[in-house]
Amino acid sequence: MTIEDFKRFWNEIEVYPKNAAEVKAGMLDDNGFANWKRTWDNDNYYFVEVDKLFPDKVPYDAFWAGKIQDEYIKRYGANETGY
């Protein structure tokens, strides 16, 4: 990994959703390309199995973004217009 690789990964591969609808489709839906559960599982694996920082996996019910997202969409709309 070089600094140039880091810049490319950050700017070309990292995803920055434009609105709440894109967050839901890309990160919160089970079939989203950046589904949160895959990241959660990978992080759990790293911190429990590799780094040995945590004794056990952090459970899914500790993830609160889905609940916050629902409230956010109710208030501002999925496309965040007209508020």
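Trainee: Which residue caps the N-terminal end of α2?

Mentor: This is a predicted model, in which local features need pLDDT of at least 70 and side-chain atom pairs count only at pLDDT 80 or more, while totals for chains, interfaces and linings use all residues. Residues are numbered from 1 along each chain as its sequence is written, and side-chain values use heavy atoms, with hydrogens and water left out. Helices are DSSP runs (H or I, at least four residues), numbered from the N terminus. A side-chain oxygen lies 3.0 Å from the backbone nitrogen of A21, and the residue that provides this cap is N19.

Trainee: Which residues of helix α2 are buried?

Mentor: Buried means under 20% relative accessible area (1.4 Å probe, protein chains only). In α2, residues 20–28, the buried residues are A20, G26 and L28. They lie on the same side of α2, because they cover an arc of only 150° around the axis, taken from the directions from the helix axis to the C-beta atoms. That buried set is A20, G26 and L28.

Trainee: How are the rings of W36 and Y60 arranged?

Mentor: Rings of Phe, Tyr and Trp (its six-membered ring) pair if their centres lie within 6.5 Å, and planes over 60 degrees apart count as edge-to-face. The centres of W36 and Y60 are 5.5 Å apart and the planes stand at 85°, so the arrangement is edge-to-face.

Trainee: Which residues do ring pairs link into a cluster?

Mentor: A search of the whole structure finds 7 aromatic pairs. Ring pairs link into a cluster the residues W36, W40, Y60 and F63.

Notes:
Buried < 20%, exposed > 50% of the residue type's maximum accessible area, 1.4 Å probe, protein only. Helix = DSSP H or I, 4+ residues; strand = E, 2+ residues; numbered from the N terminus. Polar contact = N/O pair within 3.5 Å; in protein donor to acceptor, adjacent residues only side chain to side chain. Phe/Tyr/Trp six-rings, centres within 6.5 Å; stacked < 30°, edge-to-face > 60°.
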